[in-house]
Structures are given as C-alpha cells and as structure tokens.
Amino acid sequence: MSDHEHVNRVPLFFGVFVVLVGLTLASFWVGNAEGLFALPQTKWQVMIGISAAKAALVVLFFMHFWWERSWKYLLTIPTMLMAIVLVVALIPDIMHRRETYNETRLNHAASEDAYGAGK
Amino acid sequence: MTSKANHDRTSPLEHGASHTTNGDPTLDRGANHDHSDQGHGSVLSYHPGLPISRGKLALWLILSTEIMFFAALVGSYIVLRFGVPEGTWPTPEVVHLLEWVGAVNTCVLLLSSVTVVFAFEAAKQNRTQSARKWLGLTVLLGFGFLGIKAWEYSGKIAHGIYPQRPRSLMYERADLNYLSAVKQRFAELVSSQDKATSATQESKVARLGTATMPAADHQNTAMGVNLVNFDDHASDSDRLLFLREATVGWTERRVGRVRNPFVQQEMLDVLAFMIYPAAAQWSHIEGCLKRESQRVQQELEEMTAQKVELQGKISALVPSDPTSEAATDPAKAAEKTVLENELGAVDLQLGQWKNRSQLLSEVQSSGSAWVGLNDRYHWGLPMVLPNGNTWASTYFLLTGLHAIHVLAGLIAFLLLLTRTLGPAAAPWIENLALYWHFVDIVWIFLFPLLYLF
C-alpha cells in the first residue's frame, strides 16, 4: 500500500465494481438462460468460472494484491492448495453416495431414528 | 530514531540485522519503546519475517484458515448437492428461493466492498470525515445485506422449509409413513380448534350465565358437510373438517381397500400434491386426477342407483293402509329397519364420495396453478419435498455461517467508527477491509452454488 500513497485509485476501484456487478448479472443470466448450453454441467462450470473471475478481481484490486510484494504467494498458495486438495478429496464421495441409497434411508431421512437420537 | 518514509521503501533484508519497522504506526511505537536509546546498532532489534505489519500478517493468517473452513463447507455442499439422484435436488421455486434477491444481495455486498476501499483511501489521505462517511455507508450496506437475508429466512420458515427436531415437515416421498404424519397433523389441528372453540364457549357461558352448547360431533359434521366452494363459503372449522375428510381420511380408507400398488401410489401422490404442489410433476398428477375422477364418477352412479333401489324397497314395505295387518307385522318392521340402516350407510358413503368428487373437480379446474393447502391456510401439514431436508440443512448452514461472518465484520466496523479515521487508523481499516473482502468472496461463490445451480 505504501508504494502508491498519493495515486488516486478511486476511478479504478469504481471500474472494478462496475465489472463485478456486470459479472454478477452475467452469472444470473447464464443460470436462467434456457438452452444456452446442452448440458447443465457446462452451465455450472461457466458460473463457477465467473465467480472465480470475480474473486480474482476482488483479491487483486480491493485486497491490493496487484501492488503487494511476493509475500502474498507465501500465504495464499499453500492455503489454496489445501483448500483445493480438500475439495478434490471429496469427489469419491459424490461418486459412491448413490450406491448406498436404500428405501429405509429415503423413508426415514432426517427422522430421529436416522441419527440414533431419542432412543 | 526512525524516518518512516525511508523504511517503508526498503526491504528488511537490505537492513540486515539492523532494526526494521514497517509502515504500521502501532508497530513503530512498540519498536521505538524497545530500543530508542540504543539506536541502529542494537542487537535486540525486532525483525519481522514478512515485510508487512503484524496486524496484517495476523489477519492474513486468519483468512488462510477461513479459506480452508469455507472450502470444507462448500466442498461438503457440493458432495451433497451432486450426490443426489439426477434431477431430484429442489429447484428454487420448490423451496421458495428468489434468484434475483440473491443477485441483489450480491451487488449490495460488492458495493459495500467498494465503499470500505474508499474509506481506506480517504483515511490514508487524512480526510477523516470522508472516511467516516464511507465506513458508515459500508455498515449500512452490511446491515442491508443481513436484512434481506433475514427476510429470505422468514419466507422459508413461513413455508416450513427448515430443519427441526424431532422431524421436519419435509418428507422424501409420498408413502404410508407420510400419510400417517398428515393424519396426525390434521388430528392436532382439529383438537387445537376444539380447545379454542370450547374456550370461547366457556367464556361465553361465564359471561352470559347460560348453559353450554353441546360440542359438535366431528364425524357427523365432516360427513354431512357439503360445501359449494370450500374456499369462500365455509367457516374455518367446517373447512378444516371437510378437507381432512376429503384428503387424508379419504386417501387412508381407499389405500386400505385398493389392492393395486400403482393405484395406491397415485392416491398418495395426489394427497401430496393437494398439500404442497410445488415439488410434484403436474403431468403425472394430471393423469392421476383424471383416472381417479373417472372412478369416482362411476362409483357415484352405482351408489345413487343403489340408493334409489333401497328407497324403492323401503317404500314398498310401507303399506298403503296403516291399520291393515301388514302394517303391524313385526317381521316386516324388522326388515324395514335393516333396509333403513343400509340406506343410512349408503348415504354416508355417498356423502364421502361427493366430497371427494367436489375436491377433485376443484383441483382439476385449478390445474397446475393449484395452491396447496399449506400455502392457502398455513396449517403446517407435512409435505413431500425430495431432498428438502438436505437442501434446508446446507442452505441454512452455509448462509448462516456467512451471515455470522458479516455480523462480526459489522461489529468491528462499528467499533472502528468510534475512533478518528485518520492515517493512524488506516491500518485498522485496511485489515478489517481485507476481512470484509474475504466475506464478499465467500458470497461470490455461494450465490451461484445456492441460487443458480
């Protein structure tokens, strides 16, 4: 922050905000557009991509990463790796969850017995 | 001992073992206190590991843990969301989620991120009033976000879409388990109405000193009720009894009698549709209603014929001359009683079928625009909403934890507003703004995941 003490960044920040609002509307439009993509998966990927772009804009400009020195990598890269590894590690759960569906689970989902309480 | 401008521009590494403090004024004060008398040659100088203030480093460490915290939450949500069978996750309409409200809230939070940045810029340039104004606006926007969120929550809660113990109102499928839950809820409604009625009667009695009126017999009232339009021309009590009889009472009896499991399932599906239509497929329900009303019409015709036949038999037994021998014949009188009892039973059944037929035609004429009993009367009846419980749990957990973060940021901002927002307060604003932006980023991901996926 100290390197640009007297640079007026207000127009830049306002421009970033306008882009962010535009991306929010784009995300809303993609989410509601019928027949834009053949697969819903494509739609989801586009929306997550838009979110990632918005997050990048916030981090780069509002959180001043654009102007920070290299310490930023030391703090964020390991964290991001852990976060990404965590989410990736959950992927097998998505694939296997359907295999364990059964009648009882469907019938008694969220009932007292399902988690063994009240017995 | 230190000229701040100089040190700000030099890396600590260039100074070697000599002292270094950063732009943070609070840090400067601490460092000065330690070795202001010893000057540059001090051995005990403080040497930060990273070229940023301690406050900012601490804040970034918090954010690192927060990134992992929300990554775990979002990751678990993705597992639950995409682990359900294809196409069974509740759509926004089913759970009364308004996508545009989510988009507006995203913009509110984005705007608050800009205003806090402006507050920081103003504080750095010692424009304290301007900084106060922008920070105040940030706080207002933050509370605006929470207000919209609270309004959304109240809508969900009004519709019974929230986790509760021992059992939420949401059921995975229309089965006998569901049927008995609906029956139980109707019984609760009727008994609470009874209590209310008897309470008013008692107070009336106490006021007027008159004898109490006999309580209405529900079985008889329900069977006898024949409402032209249950929505407009009925008292609350009559409507409740009529609908209890024509929905769950009817379904329970028919499901017990019909042997075909497909027909049983169709009746249960229709019951679920009448209570909460949002989660049902209209094309399927339309067919069910059509088939059922055909059956009901056929049955009504048969029963009317039976009634006419019985009436004929009874009138044949009544002799033209009451003084004749036939009139006093005890065997004929007994036969007449049996026939009259039979006629009573047929009448009762005919009333039930007529009620059902009336409700069916009401539902059929509304079609897919049918407003469910829950949304009409707020009776809190159990509803069939596949994956509704998982949806509610994840939605409230994710948005609730995010809202708590927003609230924490707002409290910190309010505390900061009690200070003079000049250059001395700028690092505070900067650090809190970093946290605020992070909370914004979390919402940036939550918005499409919860509202648009």
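1. Glu68(A) and Lys56(B) are joined by a salt bridge, with their closest N and O atoms 2.5 Å apart; the term denotes a side-chain nitrogen of Lys or Arg within 4 Å of a carboxyl oxygen of Asp or Glu. The count between chain B and chain A is one salt bridge.

2. On the basis of the note: this is a predicted model, in which local features need pLDDT of at least 70, side-chain atom pairs count only at pLDDT 80 or more, and totals for chains, interfaces and linings use all residues. Residues are numbered from 1 along each chain as its sequence is written, chains are lettered from A and ligands numbered from 1 in the order in which they are written, and side-chain values use heavy atoms, with hydrogens and water left out.

3. Across the interface of chain B and chain A, four residue pairs are in polar contact, both residues being at pLDDT 80 or more. A polar contact is a pair of N or O atoms within 3.5 Å; within protein, one must be able to donate a hydrogen and the other to accept it, and residues adjacent in sequence count only if both atoms are side-chain atoms. On the side of chain B that touches chain A, at least two residues each come from α1 (4-9), α3 (54-83), α4 (99-124) and α14 (426-452) of chain B. The largest share is that of α3(B), with 18 residues. Helices (H or I, at least four residues) and strands (E, at least two) are DSSP runs, numbered from the N terminus. By class, this side of chain B has 37 nonpolar, 10 polar and 15 charged residues. Here Ala, Val, Leu, Ile, Met, Phe, Trp, Tyr, Cys and Pro count as nonpolar, Asp, Glu, Lys and Arg as charged, and the others, Gly among them, as polar.

4. In extent, the interface brings 62 residues of chain B into contact (heavy atoms within 4.5 Å) with 57 residues of chain A. The area buried between the two chains is about 5600 Å², of which carbon and sulfur atoms give 69%. In chain B, the most area is lost to chain A by Trp60(B), Val79(B) and Leu452(B), together 10% of what that side buries. Buried area is the accessible area (1.4 Å probe) that two parts lose on being put together, summed over both.

5. Glu121(B) lies in helix α4 of chain B. Glu121(B) counts as buried because its relative accessibility is 2%; buried means under 20% relative accessible area, exposed over 50%, and partly exposed in between (1.4 Å probe, protein chains only). Leaving aside residues up to four places away in sequence, Glu121(B) touches Val7(A), Arg9(A), Phe13(A) and His64(A).

6. Phe13(A) also belongs to a cluster linked by ring pairs, together with Phe61(A), Phe62(A), Trp66(A) and Trp67(A). Rings of Phe, Tyr and Trp (its six-membered ring) pair if their centres lie within 6.5 Å; planes under 30 degrees apart count as stacked, over 60 as edge-to-face and the rest as tilted. Over all chains, the whole structure has 28 aromatic pairs. In one of them, Tyr153(B) and Phe396(B) are edge-to-face, 4.9 Å centre to centre with 70° between the planes. This pair links distant parts of the chain, helix α5 (residues 128-158) and helix α13 (residues 388-416) of chain B, its members being 243 residues apart. Both Tyr153(B) and Phe396(B) are buried.

7. Chain A has five helices and zero strands. Of its 119 residues, 33% count as buried.
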